[in-house]
Amino acid sequence: MDEIRELTGRLTALTPEELADLRTKISEEFAALDGQDRTPETAQAMTELAEVADQVMAEQAGKDAADRKSTRL
């Protein structure tokens with residue numbers, strides 16, 4: 001989880017490959033938590049991961065749109 005937080009802290013600087021790697025890490029961490037007993041802590045961590053996943057997808061979409069725009073110029 002610490003690595004996910006660190007990467008999220010510099011989200012705008014990540015390459016497309018790093019963003020894809022981060023999405024994989026988030027999915028793996030979410031799956032690991034999903035296999036555990038539900039506690040307030042695991043629920044909070046899963047919520048945090050879902051929010052981070054949304055941020056990563058938005059960042060990727062923004063970079064994709066910028067790439068498409070630059071190729072049209």
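A: What follows covers the ground rules, a helix, the core and the salt bridges.

Q: Which ground rules apply?

A: This is a predicted model, in which local features need pLDDT of at least 70, side-chain atom pairs count only at pLDDT 80 or more, and totals for chains, interfaces and linings use all residues. Residues are numbered from 1 along each chain as its sequence is written, and side-chain values use heavy atoms, with hydrogens and water left out.

Q: OK, α2. What should its 19 residues span at 1.5 Å a residue?

A: Helix α2 covers residues 16–34 and should span 27 Å; its end C-alpha atoms are 27 Å apart, which agrees. The expected span is 1.5 Å times one less than the number of residues. Helices here are DSSP runs (H or I, at least four residues), numbered from the N terminus.

Q: Which residues of α2 are buried?

A: L19, L22, I26 and L33. Seen down the axis of α2, its buried residues fall within an arc of 55°, so they line one face of the helix. The arc is taken from the directions from the helix axis to the C-beta atoms. As for the cut-offs, buried is under 20% relative accessible area, exposed is over 50%, and partly exposed is in between (1.4 Å probe, protein chains only).

Q: What sits on the face turned away from the buried side of α2?

A: That face carries the exposed residues E17 and E28.

Q: And what covers the buried residues of α2?

A: The cover includes α1 (2–9) and α3 (40–72).

Q: Let's do the core. Which residues touch the most other members of the largest nonpolar core?

A: I4, L11, L14, L22, I26 and V56, out of 13 residues in that core. Each of α1, α2 and α3 supplies at least two residues of this core, and α3 gives the most, with five. A nonpolar core is a set of buried Ala, Val, Leu, Ile, Met, Phe, Trp, Tyr and Cys residues joined through side-chain atoms within 4.5 Å.

Q: What does L22 touch?

A: Leaving out residues up to four places away in sequence, L22 touches I4, L7, T8, L11, L14 and V56. Contact means heavy atoms within 4.5 Å.

Q: T8 then: buried or exposed?

A: T8 is buried, at a relative accessible area of 18%. T8 lies in helix α1 and touches L22, V52 and Q55, again not counting residues up to four places away in sequence.

Q: New topic. How many salt bridges does the structure hold?

A: Seven. A salt bridge is a side-chain nitrogen of Lys or Arg within 4 Å of a carboxyl oxygen of Asp or Glu.

Q: Where is the partner of K25?

A: K25 pairs with E3, the closest N and O atoms being 3.6 Å apart. K25 lies in helix α2 and E3 in helix α1, so the pair ties together parts that are 22 residues apart in sequence. K25 is partly exposed, at 22%, and E3 is partly exposed too, at 44%.

Q: What does R5 bridge to?

A: R5 forms a salt bridge with D2, with closest N and O atoms 3.6 Å apart. R5 and D2 are three residues apart in helix α1, which means about one helical turn separates them. R5 is partly exposed at 42%, whereas D2 is exposed at 60%.

Q: And E6?

A: E6 bridges to R10, the closest N and O atoms being 2.9 Å apart. E6 counts as partly exposed at 43% relative accessibility, as does R10 at 34%.
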